[in-house]
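Colleague: I am new to this one. Could you show me how to read it?

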Amino acid sequence: MDEQDLLERIQSLVEEEHRLRDAAGSADDGGDSTARLAQLEAQLDQCWDLLRQRRAKRDAGENPNEAEPRPISEVEGYRQ
């Protein structure tokens, strides 16, 4: 996945997140949207982390294609 693919994936996830947040007050879905929002947030964190890895490797003169997605459990444990 190259940088453009990652940016498109991030945009798609953000759009879905916005749709879910906009619809959150309109109907009771039994918590399905809450669970999906949590998944989206985790996937977004993972995508942003991979994008940062790729950019850091490129800036350091390394091959950005060697960047690997880290497990969500690891990415979610980062301090902001």
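Colleague: What share of the chain is buried?

Modeller: Buried means under 20% relative accessible area, exposed means over 50%, and partly exposed lies in between (1.4 Å probe, protein chains only). Here buried residues make up 24% of the 80 residues in the chain. This is a predicted model, where local features need pLDDT of at least 70 and side-chain atom pairs count only at pLDDT 80 or more, while totals for chains, interfaces and linings use all residues. Residues are numbered from 1 along each chain as its sequence is written, and side-chain values use heavy atoms, with hydrogens and water left out.

Colleague: How many helices and strands does the chain have?

Modeller: Both are DSSP runs numbered from the N terminus: helices are H or I with at least four residues, strands are E with at least two. This chain has three helices and zero strands. From the N terminus, the order is α-α-α.

Colleague: Which residues of H1 are buried?

Modeller: An α-helix has 3.6 residues a turn, so residues three or four places apart point the same way. In H1, the buried residues are Leu-6, Ile-10, Leu-13, Glu-17 and Leu-20. They cover an arc of only 90° around the axis, so they sit on the same side of H1. That arc is taken from the directions from the helix axis to the C-beta atoms. Exposed Arg-19 and Asp-22 are on the face turned away from the buried side of H1.

Colleague: Is Glu-17 buried or exposed?

Modeller: Glu-17 has 12% relative accessibility, so it counts as buried.

Colleague: At what angle do H1 and H2 pack?

Modeller: Axes are lines fitted to C-alpha atoms, for helices over the stretch in contact, and angles run from 0 to 180 degrees between N-to-C directions. Helix H1 (residues 3-23) and helix H2 (residues 32-59) pack at about 155°, with axes 10 Å apart. H1 and H2 are therefore roughly antiparallel. Angles over 145 degrees count as that, under 35 as roughly parallel, 65 to 115 as roughly perpendicular, and the rest as oblique.

Colleague: Where is Trp-48?

Modeller: Trp-48 is in helix H2. Its relative accessible area is 36%, so Trp-48 is partly exposed. Trp-48 and Val-75 are 27 residues apart in sequence, and 9.5 Å apart in space, C-alpha to C-alpha.
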